[in-house]
Amino acid sequence: MDTTMDLYNFISQQDKEVFGALEGEEKREREGLELIPSENYVSKAVREAQGSILTNKYAEGYPTKRYYGGQTYTDEVETLAIERAKKLFGAKFANVQPHSGANANIAMYFACLEPGDTVLGMDLSHGGHLTHGHPVTYITKFFNFVRYKMKDTSTGEIDYDEMREVARKEKPKIILAGFSAYSRELDYAKFVSIAKEVGAYSVIDVAHIAGLIAGGAVKNPFDFGFDVMTSTTHKTLRGPRGGLILTRESEELAKKIDKAVFPGFQGGPLMHVIAAKAVAFGEALHPSFKTYAAQILKNAKAMEAVFKNAGVRMLGGGTSNHLILADVFGSLGVSGKEAEEVLDRVGITLNKNAIADDSRKPMDPSGIRFGTPAITTREFKEGESKRVAELMLDALKNRADQTKLDAIHQEIKQLCAQFPIPDSFVQ
Ligand SMILES: *Cc1c(COP(=O)(O)O)cnc(C)c1O
């Protein structure tokens with residue numbers, strides 16, 4: 001048996017049904033390639049912390065200011081997580097309690113805004129996230145969301161002139177940067193200068209790129225004067241599923257954020273998850289994380305080269321981060337949904353994605369989105385990443401040829417066997 005497999009001693013005895021699902025998922029993760037750019041594999045240390053007895057403890061409040069007794073160790077753990085997060089991102093204040101990225105954003109909005117105030121954020125079809133004011137989310141009942149877009153989808157450049165114009169006209173209280181389907185670096189200085197001009201907070205949601213920032217592979221928005229960063233901890237940052245809010249400088253704003261998280265929106269913090277965040281932040285402070293973050297970018301570039309050579313249109317013309325958004329319908333005549341299904345059959349997991357100004361429907365859009373955080377954790381280098389991109393195109397072009405697809409699936413399985421998911425990242 002694979003030594004990296006979990007034993008699940010107690011669950012396997014007590015609850016065959018849940019155990020069966022866990023075993024199945026373990027096999028799925030082991031034998032398939034994960035290209036969803038928001039997913040990753042955490043270390044066993046992170047999972048030990050997340051599976052720890054801290055789940056037993058109520059710790060409403062913040063370190064040294066709790067509503068219940070018995071907080072010696074919860075305070076220790078949360079303080080470690082806070083101090084490590086501050087160090088990683090160069091922030092004066094950190095709130096590590098948001099249960100998820102969505103919660104972090106909701107708390108941030110209520111800390112910075114009054115009901116009815118306006119937020120200027122990235123157009124959702126140009127890469128912005130659901131929590132940045134999609135009409136299906138309830139946050140839009142409280143605040144008014146207006147948009148900026150890319151000026152040119154072949155370079156990914158944002159239309160900063162339009163952004164300034166809209167900002168002057170709409171007087172937003174937040175200028176929100178950040179994305180979940182955008183592959184270029186933003187001009188942070190421009191965001192901050194426009195926010196300053198109209199008296200708005202400059203906020204960036206780094207959910208996708210937090211690990212790249214922490215590892216020094218891309219620029220740190222705080223170096224350009226952003227007021228606040230919201231994030232998840234489970235994407236490139238490679239921690240447990242959760243949220244995080246960092247405040248660069250303002251104590252007044254940090255206090256508002258703390259209040260908004262608890263008691264504003266959440267009850268008791270998930271102390272076991274906070275312990276796992278502390279462990280993950282410790283890993284991200286380790287020198288090996290810099291190498292990891294840099295390799296994520298190199299691997300994405302290797303995949304980009306294959307798509308470029310094959311003449312496949314990529315939004316933004318390619319990538320400067322960990323992800324690629326490819327117009328497979330426009331370039332290969334295969335819809336995003338079909339591409340997702342074909343690749344799933346050969347052991348590659350990624351997601352269909354709408355592209356800017358997509359002519360197709362959201363449930364069957366023109367694009368696919370994929371990225372390199374998880375395969376880089378598996379220690380793929382440029383050679384393997386390039387091969388994966390070639391196999392993807394091969395599968396899409398030969399999607400009617402079952403023999404061909406079987407051969408591709410075999411090769412993917414071999415790659416996975418050759419590169420097992422590591423237990424630990426710090427030596
Ligand atoms: C993933 C993501 C979120 C939401 O995080 P959840 O933990 O799923 O709630 C928010 N913003 C951006 C930009 C994201 O990519």
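# Reading burial, strands and a ligand shell

Modeller: Glutamate 78 has 0% relative accessibility, so it counts as buried. The model is a predicted one.

Colleague: Which value must a residue fall under to be called buried?

Modeller: Buried means under 20% relative accessible area. Glutamate 78 belongs to helix H4, residues 72-89. Beyond four places in sequence, glutamate 78 touches Tyr62, Pro63, Arg66, Val96, Gln97, Met271 and Ile274.

Colleague: Where does threonine 236 lie, and is it in a helix, a strand or a loop?

Modeller: Threonine 236 sits in the loop that links strand S11 (228-232) and strand S12 (243-247). Its relative accessibility is 0%, and therefore threonine 236 counts as buried.

Colleague: What does the side chain of threonine 236 reach?

Modeller: The backbone nitrogen of alanine 210, at 3.5 Å. Not counting residues up to four places away in sequence, threonine 236 also has contacts that include Asn40, His208, Gly211, Phe289, Tyr292, His322 and Pro373.

Colleague: Now the strands. How do side chains alternate in a regular strand?

Modeller: In a regular strand, side chains alternate between the two faces of the sheet. Take strand S9, residues 174-178: Ile174, Leu176 and Gly178 point one way, while Ile175 and Ala177 point the other way.

Colleague: How many residues of S9 are buried?

Modeller: 5 of its 5 residues, so the strand is described as mostly covered. Residues pointing either way from S9 are buried.

Colleague: Which strands pair with S9, and in what sense?

Modeller: Strand S5, residues 118-122, pairs with S9 in the parallel sense over 2 bridges. Valine 119 has isoleucine 174 of S9 as its bridge partner. S9 is also joined to strand S10, residues 201-205, by 5 bridges, and these two run parallel. There, isoleucine 175 has serine 202 of S10 as its bridge partner.

Colleague: What can be said of glycine 178 in that strand?

Modeller: Glycine 178 is a residue of S9, and it counts as buried because its relative accessibility is 2%. Setting aside neighbours within four places in sequence, glycine 178 is in contact with Met122, Gly128, His132, Tyr148, Leu186, Ile204 and Asp205.

Colleague: How far is glycine 178 from methionine 229, in sequence and in space?

Modeller: They are 51 residues apart in sequence, and their C-alpha atoms are 9.4 Å apart in space. For another pair, leucine 332 and phenylalanine 224 are 108 residues apart along the chain, with 40 Å between their C-alpha atoms.

Colleague: Where is leucine 332, and what is it in contact with?

Modeller: Leucine 332 is in helix H12, residues 328-332. Apart from neighbours within four places in sequence, its contacts are Val312, Leu393, Leu396, Lys397 and Arg399.

Colleague: Turning to the ligand, how many residues surround it, and which are the closest?

Modeller: There are 14 residues around the ligand, and the closest are Gly101, Ala102, Asp205, His208 and Lys235. By class, the shell holds 3 nonpolar, 9 polar and 2 charged residues. Helix H5, residues 101-112, gives the most to the shell, with 3 residues.

Colleague: Which polar atoms lie by the ligand's oxygen and nitrogen atoms?

Modeller: A polar backbone atom of alanine 102 is 2.8 Å from a ligand oxygen atom. Serine 100 places a polar side-chain atom 3.4 Å from an oxygen atom of the ligand. For a nitrogen atom of the ligand, a polar side-chain atom of histidine 129 lies at 3.5 Å.

Colleague: How much of the ligand's accessible area does the protein cover?

Modeller: The protein covers 85% of the 390 Å² of accessible area that the ligand has on its own.

Terms used: Residues numbered from 1 in each chain as written. Predicted model: local features only at pLDDT ≥ 70, side-chain atom pairs only at ≥ 80, totals over all residues. Heavy atoms only, no water. Helix = DSSP H or I, 4+ residues; strand = E, 2+ residues; numbered from the N terminus. Contact = heavy atoms within 4.5 Å. Near = heavy atom within 4 Å. Polar contact = N/O pair within 3.5 Å; in protein donor to acceptor, adjacent residues only side chain to side chain. Areas by Shrake-Rupley, 256 points an atom, 1.4 Å probe, with all protein chains shown as cover. Nonpolar A, V, L, I, M, F, W, Y, C, P; charged D, E, K, R; others polar. Buried < 20%, exposed > 50% of the residue type's maximum accessible area, 1.4 Å probe, protein only. Pairing = 2+ DSSP bridges.
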